[in-house]
Amino acid sequence: MKKLLLLLLSVFVFVSCSDEIPEEKVPVKSGRTVLAYLISNNKSGSLDKYLKQNLVDMYSGLSQTTDSCTLLVYYRPYDGDADGLEGPSLLQYNSDGKGNINNRRSLQGGDLNPSRVIAEAYCSPYIEKNHNATDMKTMERVLDQMVKLSPSTNYGIIFGSHGTSWMPGNEIAARSFGDDAGYNINIPEMAETLETVFSDRQLDFVLFDACMMATAEVCYEFKDVTDYLIGAVVETHVYGHPYDIVLPKLYQKDVPYGDICKDYIDYSRQLGAWGTCAAVDCSKMDELADWVGANLDVYSDKLLPLDMDDVQQYGVGSFKYFSLDVVDFFKTLNDGETPEGLDNLMNNLIIAKEGLFGDNYKVVDILKLDEDRFCGIGMYIPYRVNNSKWNSYYETLSWYKAVGWDRFKTLLTTNQ
């Protein structure tokens with residue numbers, strides 16, 4: 001692992017980090033450390049001001065905590081950053097639970113802006129200014145450094161950037177998670193990276209502040225990585241979660257996932273935006289895969305005649321049909337009735353869900369969501385979409401293999 005270059009600047013210069021990350025050996029803390037991995041270096045820089053505001057809100061939320069706790073943020077800024085970051089950096093904030101952060105009274109009011117918040121951090125920029133934040137080895141190295149800086153009994157992690165769920169990313173045109181100058185990481189590789197870093201550590205939750213991550217395919221890849229996955233099944237708006245409200249709740253011993261989802265939807269409503277949010281118990285994903293596999297056999301004769309537009313779907317534009325509501329899909333196959341056992345399974349799998357529904361909250365002003373047809377999680381129906389790239393890549397996913405979709409390939413491709 002390359003060493004980090006510590007940046008030492010006067011605390012009176014509020015254009016960059018105010019101090020270095022302490023080097024002394026840190027004892028393991030009981031309780032949760034929250035990590036955030038934020039990538040704003042997309043080519044237009046359109047995410048940067050929103051992720052910077054997320055950072056400010058996280059700092060504000062941290063100042064409200066009533067127990068000592070740590071927030072570690074990896075920030076990959078847009079080139080030409082004007083808020084004190086010369087490149088990708090680790091930002092560490094320690095709260096004493098009494099309104100002080102990094103041994104100073106927390107910022108308030110007009111001082112809560114990106115430049116000041118960054119200046120208050122223990123900051124360590126990386127020597128290589130243009131490393132790829134979505135590269136597996138880079139992500140592993142960064143996350144490993146973060147957990148070493150704050151050894152804890154358990155962790156939670158927030159990922160903020162662009163996202164396209166299970167769909168394959170490539171160098172430029174698409175992304176599965178992240179957008180660092182056009183580069184991205186596919187979900188299986190991302191899950192593998194997290195499993196490597198947290199193999200002997202407790203990762204309580206992964207919160208995806210990125211588009212379309214609450215799908216069966218993503219949750220299945222993460223089932224051996226984290227206990228819970230929080231995300232939206234549709235595209236997300238750029239404002240993200242209200243972290244000044246949410247972050248203190250993420251440190252609670254028993255995270256109130258229902259509150260997390262509700263806070264996001266209440267915030268989205270106030271913005272006049274759209275949104276869904278669900279918290280998924282990843283330990284139940286094997287049960288869902290078994291149930292789906294068994295019931296695809298039951299309804300196999302209806303798979304090809306199914307009109308995809310009869311099912312609640314979650315994709316807009318070029319992402320249309322990337323994911324259909326799991327429950328509504330089987331209800332449609334079963335003449336409008338939920339098949340036996342599915343409601344009970346979903347009640348255990350989806351521990352919280354919220355959404356905005358109807359004509360006033362269309363996703364990207366296009367897609368209307370029906371509350372009665374929203375279970376919180378979606379899945380792709382391979383081969384029913386004439387997209388060879390999607391279909392061939394889908395065959396590599398763990399969910400595809402666990403469900404046994406290969407049994408239906410000939411059936412669903414006969415007339416294509």
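Trainee: How many helices and strands does the protein have?
Mentor: There are 14 helices and 15 strands. Helices (H or I, at least four residues) and strands (E, at least two) are DSSP runs, numbered from the N terminus.

Trainee: And where do the coordinates come from?
Mentor: This is a predicted model, with local features needing pLDDT of at least 70 and side-chain atom pairs counting only at pLDDT 80 or more, while totals for chains, interfaces and linings use all residues. Residues are numbered from 1 along each chain as its sequence is written, and side-chain values use heavy atoms, with hydrogens and water left out.

Trainee: What share of the residues is buried?
Mentor: Of the 416 residues, 60% are buried. Buried means under 20% relative accessible area, exposed over 50%, and partly exposed in between (1.4 Å probe, protein chains only).

Trainee: Switching to phi angles, what stands out about Tyr-321?
Mentor: Tyr-321 is not a glycine, yet its phi is positive, about 75 degrees. Most residues other than glycine have a negative phi.

Trainee: Where is Tyr-321, and is it buried or exposed?
Mentor: Tyr-321 sits in the loop between helix H9 (300-303) and strand S13 (324-325). Its relative accessibility is 18%, so Tyr-321 counts as buried.

Trainee: What about Tyr-383 and its phi?
Mentor: Phi of Tyr-383 is positive too, near 75 degrees. Tyr-383 belongs to the loop between S15 and helix H12 (388-394), and it is buried, with a relative accessible area of 3%.

Trainee: How accessible is Val-238?
Mentor: Val-238 is partly exposed at 36% relative accessible area, in the loop between strand S11 (228-231) and helix H6 (243-250).

Trainee: Which residues gather in the negative patch?
Mentor: Glu-354, Asp-370, Glu-371 and Asp-372 do. Asp and Glu count as negative, Lys and Arg as positive; His and the chain ends are not counted. A charge is placed at NZ of Lys, CZ of Arg, CG of Asp or CD of Glu.

Technical notes:
Patches are made of residues with over 30% relative accessible area and no salt bridge: like charges are joined within 9 Å, nonpolar side chains (Val, Leu, Ile, Met, Phe, Trp, Tyr) within 5 Å. Accessible areas come from the Shrake-Rupley method with a 1.4 Å probe; for residues, only the protein chains shown count as cover. A salt bridge is a side-chain nitrogen of Lys or Arg within 4 Å of a carboxyl oxygen of Asp or Glu.
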